[in-house]
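Have the viewer open and follow along.

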Amino acid sequence: MTVTFFEPCGHDGKRVHEEIVEATENFDSKYCIGVGGYGSVYKTLLSTGQLVAVKKFHENGGVASKEAFENETSVLTRARHRNIIKLYGFCSHTRHSYLVYEFLEGGSLANILIDNVKAVELEWSKRLNVVKGLANAISYMHYECCPAIIHRDIASKNVLLDDEYEAHISDFGSAISLDPNTSNWTPFAGTFGYSAPELAYTMEVNEKCDVYSFGVVVLELIMGKHPGDLILSLSASTSSSSTPAVHQILLKDLLDQRLSPPKRQAAEKVVSIVNIAFACLQPSPRSRPTMKQVADKLSTSLPSLSEPLHAITLRQLLDPPTWIY
């Protein structure tokens with residue numbers, strides 16, 4: 001059995017392992033707070049009073065589960081960013097293979113958006129901050145990690161919020177490190193509805209796959225629901241010779257109706273972010289911006305709106321921004 005723990009859990013891995021098994025009553029289902037494709041997550045209170053999330057991999061998960069475990073430990077032991085979930089340690093054992101993360105009180109973005117009370121609490125300034133945090137984290141993975149890390153499963157279920165509504169990217173089980181000397185062809189991984197369209201016909205993965213998924217999550221945040229129908233309408237409109245009806249939709253009608261419309265600076269940011277999201281959703285990977293361009297753009301000041309928010313149509317936001325080129 002290999003047990004490795006970092007601060008703040010302490011370095012006595014065997015003791016912490018025994019404590020986790022005891023605290024979860026040998027991973028009893030009553031402590032389970034989520035189940036994924038590769039494992040189950042348990043809320044665990046350590047003797048120090050610290051809450052942690054323990055992701056225990058399925059015992060009968062086979063090769064895929066083993067690869068996911070190795071991917072997460074490989075990526076999270078070298079990726080350090082305020083918007084990426086912190087890995088405190090891991091245990092590799094034939095019976096109990098698990099990862100120990102920081103516990104984030106807010107839960108997943110997906111669960112927040114389907115809860116009317118929590119969604120209203122996630123008002124525009126907080127949503128805009130989530131977008132900025134995600135962009136910074138993905139840009140960090142693509143451009144500041146060597147080799148670059150491609151997450152491959154950016155989705156609202158894998159964005160966790162802390163009690164300050166700061167976003168943290170989680171679930172790196174499908175992540176890969178880009179090898180500049182190979183073609184980086186891999187079997188499909190990701191979540192349907194968030195994965196880039198080119199993955200339907202190619203197994204080559206690059207940074208632009210994450211860019212597309214980021215665009216989906218951004219629209220989901222702005223609309224308060226998954227934007228699948230809108231994306232379908234937009235892709236169908238590219239082959240139309242006349243002005244498609246979707247282009248005439250007013251932006252204000254797309255915004256999450258559970259919130260009051262954004263005003264002043266928040267309105268300017270929402271308009272800019274929707275324009276960025278549409279650029280990220282370009283069918284051609286080459287036409288999408290890089291995440292560094294997106295992160296840089298989100299950190300710059302914005303011009304005042306040329307017309308009121310309630311008058312802006314999607315047509316005005318669909319042209320790719322000039323700063324991409």
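**From a hairpin to a domain contact**

Strand E2 (residues 32-35) and strand E3 (residues 39-45) run antiparallel and are joined by three bridges. Keep in mind as you look that this is a predicted model. To get from E2 to E3, the chain makes a hairpin through three residues.

Now zoom out for a moment. Domain 1 puts 16 residues into the contact, and domain 2 puts in 21 residues.

Before we look at that contact, here's another bit of strand pairing. Three strands make an open sheet, in the order E7-E9-E10, with antiparallel pairing. Strand E7 (107-108) and strand E10 (167-169) are the edge strands, and each has a single partner strand, so one side of each has no neighbour in the sheet. Strand E9 (residues 159-161) pairs with E10 over three bridges, again in the antiparallel sense. One place to check this is Val 159, which stands opposite Ile 169 in E10.

Back to the two domains: how much area is buried between domain 1 and domain 2? The figure is about 1500 Å², and carbon and sulfur atoms give 53% of it.

What about charges? Across the interface of domain 1 and domain 2, two salt bridges turn up by the rule. Look for Lys 55 and Asp 171, whose side chains meet in a salt bridge with an N to O distance of 3.4 Å. That pair passes the rule because a side-chain nitrogen of Lys has to be within 4 Å of a carboxyl oxygen of Asp, and the distance here is 3.4 Å. As for polar contacts, the count between domain 1 and domain 2 is twelve residue pairs, both residues at pLDDT 80 or more.

Which helix gives the most to the side of domain 1 that touches domain 2? That's helix H2 (residues 62-76), with five residues. Sorted by type, the residues on that side of domain 1 come out as seven nonpolar, three polar and six charged.

Definitions and conventions:
Residues numbered from 1 in each chain as written. Predicted model: local features only at pLDDT ≥ 70, side-chain atom pairs only at ≥ 80, totals over all residues. Heavy atoms only, no water. Contact = heavy atoms within 4.5 Å. Buried area = accessible area lost by both parts, 1.4 Å probe. Polar contact = N/O pair within 3.5 Å; in protein donor to acceptor, adjacent residues only side chain to side chain. Helix = DSSP H or I, 4+ residues; strand = E, 2+ residues; numbered from the N terminus. Nonpolar A, V, L, I, M, F, W, Y, C, P; charged D, E, K, R; others polar. Pairing = 2+ DSSP bridges.
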